[in-house]
Amino acid sequence: MLKVHSRCDLSCDHCYVYQHADQTWRGRPARMPPATVQAAARRIAEHAREHGLPIVHVVLHGGEPLLLGAAGLREVLAELRTTITPWARLDLRMQTNGLLLDEELCRLFVEYDVRVGVSFDGDRAANDRHRVFAHGGSSHDQVRRALALLRRPEHRTSYAGILCTIDVRNDPDRVYEALLAESPPRVDLLLPHATWDQPPQRPGTDPTPYADWLGRIHRRWVDDGRPMSIRMFEALSPGGGGTEAFGLAPADVLVIEADGSWEQVDSLKTAYHGAADTGFDVFDHSVDEVARHPGVAVRQDGVDGLCATCRSCPVVDRCGGGLYAHRWRTGSGFDNPSVYCADLLRLIDTVDDHPPPIRAASGEWSATSLVEELLDDLATGHGSTSTLALLAATQLSITRALLAACRDRSGTTAAWELLVHLDQAAPEAVRAVLAHPFVRPALVHRLDPSASPGLGAAVDPLPALAVAVALRAGVPAALSVPVRADTITLPTLGSLVLPGLGQSAEVTVRPGEVQIRGGSVAQTVLLDPLASQSTGWLPTRDVPVPGGRLLLEDGDPYRDCYGQPVEPRLEVPAARALGRTLAEAWRAVQRDVPAHAAALDGGLRAVVPLAPDPARPLRSATARHAFGAVAVTPHPDPETMAVLLVHEWQHAKLGAVLDLYDLVEPGQGGRIRVPWRPDPRPPEGVLQGVYAHLAVTQVWQARAATDQRDASAHAAHFLAWTRDGVDALLASRSLTAAGERFVGQLRHALEETRVGSR
Ligand code: SF4
Ligand code: SF4
């Protein structure tokens, strides 16, 4: 935290800088001199270089940083970027009261990629209770004007959110509504700074007024479907991850004052005069030296650094003893629970009383932490079985939604009604058919034929789906089914190919057979897997693999969704050969990287043979709408095929994540250079690339450990690609917060991969 200006144009009576015990600001220069900015930047860069930090966060703070003006801020930002970015990605932030924010400053922040948080306490009455000028005048309109500027599309990337200090005398509903009206990406609700010596206001007899006040906001937030991120509630949820105020993570904030002094966290100023002092400065002392200061070191100890009461508290992992400053009491120092202890206990109860709306079968997921847990798990490179199950379930939900949309395009309701009946009578059969990878492409094509003109006219897919489910379930049924090129394809089962069938056929389902009438055809077809092609039945073949059975999908017309030619139905010897290769490849994945084999097991259902291309004999592909399938050229070598399977399955998993969450900022038109392609790639393409290459690196690392030929060289090659891609992505500023988290975790996984290879 860089205190670039130590004075302020507001005179808030709750300000810890000017109104609380510490008064050291009085002896400091108003502006941080350029030489001090340079020394601070060099210290940060030095620390990043020596520790190989991938990222450094710098918050411009005050006082009021905007008092530096556009020219002064540009100098500071340029100095920081020039000095630090050669060594680490620089995440620049600013905390401001917003009064001086104008278009020129917004453009500057967009140019230097600075995310700006604005202090704003809610509705006019709430905000002006404390946030006023020295003459007592309101700041409300000016702050709202600043927030409106940040909300503009051209500035939106610089809008970090709102910091709101609460006061239990304010109306929580009005505060909540005022915050929501500003569409902040994130809200930080702060408890007013207080200590055991200076306890917080507790009007009335309520022992936990802060928990009750926050509980009201929490209820509104839950009822509204959590329309914005509120960090306090998310941090206090199980697995919420913590913040400076909550949780047991080591403290990682240091302050550089306007005179170059290193200080501990700012909030300590509320405890006593000089509480944040370290005696060090950026001219003579490194970050490592400051980090050894006892006041900083004690905050690296997790639960061991807390008082006895907190250490035995059942919610210590979430509360973490509250904000360090709030534990202060003359005599016992910081060896106390938070002065808000009772409120924190009750607030955690409140958070627990309103369970998040989404729970997976394991019951382990919470909506607030769902995305983080899911991304962290997948960022290991493979992802756990429960994550794969969750992704598969969300893909099925999307398919069901598309199915309902197609119902409205259907000329008849018979197929839909049969599906609804079967969903009750034979839900497993419905699930098995709808989870087939090429059902969604069929539904998408029905809804938007222009998106894939190569697939020809769109036919209603519902009747064939209903027939497939009825056959799987052994339920008699009769339907009129559209015909494409004399063919009716029954997903997961096979195709009926009967020349002369016409445009539509009446299909009657009986156990093990179907009766068909259409065009010049009237015949009964036995659905015997061993039946010859002359009967008109071409069953979908499958391959026994360690995880179950893998479909060799070379008949479904909607498999032609990879942007490259697919192979027509394979002759029997070719199908058998590919089946053997796939089974051996799967076993190779199990041998080398069992976690990736489990991930394949969790969702890979079908492999599509691609047509051979002498110019590119080794090709593979995935399609965003076809989760559960990968396409490959029928390469005969199982070891090569194993790498292709793992590589493509990464794309499929990440595609399923991207159906749920934006990892790349929408509308990002930039391109990123990567080592594996000659042309610059869009950020999403790079993200897909690094995720696939991470897995391939892990495969080769495992092979290198068993001394397989050339494996070490391959491992080093893919590791370098992945690392360069990850660094380029992180430097591109094209990722959302979730994307940054994901890619940051990928970097950790890479580090582990690297260490594991030594
Ligand atoms: S705007 Fe911030 S720094 Fe300025 S007086 Fe208010 S709380 Fe203090
Ligand atoms: S401050 Fe209170 S609620 Fe928090 S960990 Fe300590 S004892 Fe538990």
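Guide: Two strands pair if DSSP finds at least two bridges between them. Helices (H or I, at least four residues) and strands (E, at least two) are DSSP runs, numbered from the N terminus. This is a predicted model, in which local features need pLDDT of at least 70 and side-chain atom pairs count only at pLDDT 80 or more, while totals for chains, interfaces and linings use all residues. Residues are numbered from 1 along each chain as its sequence is written, chains are lettered from A and ligands numbered from 1 in the order in which they are written, and side-chain values use heavy atoms, with hydrogens and water left out.

Visitor: What is the order of the open sheet of four strands?
Guide: The order is 11-14-15-16, and the pairing is antiparallel. Strand 11 (477–482) and strand 16 (521–526) are the edges; each has a single partner strand, so one side of each is left without a neighbour in the sheet. From one strand to the next, the twist averages 20 degrees.

Visitor: How many bridges join strand 11 to strand 14?
Guide: Six bridges join them, and strand 14 covers residues 504–510. Ser480 stands opposite Glu506 in strand 14.

Visitor: Which helix lies across strand 11, strand 14 and strand 15?
Guide: That is helix 19 (residues 462–473), running at about 145 degrees to strand 11. Angles run from 0 to 180 degrees between N-to-C directions, and axes are lines fitted to C-alpha atoms, for helices over the stretch in contact.

Visitor: Now the ligand. Which residues surround ligand 2?
Guide: The shell consists of Cys310, Cys313, Val316, Cys319, Gly321, Pro337, Ser338, Cys341 and Leu345; a residue is near a molecule if one of its heavy atoms lies within 4 Å of it. Helix 12 (316–319) and helix 13 (341–353) each supply at least two residues of this shell.

Visitor: How do the shell residues divide by class?
Guide: Seven are nonpolar, two polar and none charged. Ala, Val, Leu, Ile, Met, Phe, Trp, Tyr, Cys and Pro count as nonpolar, Asp, Glu, Lys and Arg as charged, and the others, Gly among them, as polar.

Visitor: And helix 6, which of its residues are buried?
Guide: In helix 6 (residues 172–181), Pro172, Asp173, Val175, Tyr176, Ala178 and Leu179 are buried, meaning under 20% relative accessible area with a 1.4 Å probe, protein chains only. These buried residues pack against helix 4 (124–130), strand 5 (159–165), strand 6 (186–190) and helix 7 (209–223), where contact means heavy atoms within 4.5 Å.

Visitor: What comes just after helix 6?
Guide: Ser183 is found there, with a positive phi of about 45 degrees.

Terms used
Buried means under 20% relative accessible area, exposed over 50%, partly exposed in between (1.4 Å probe, protein chains only).
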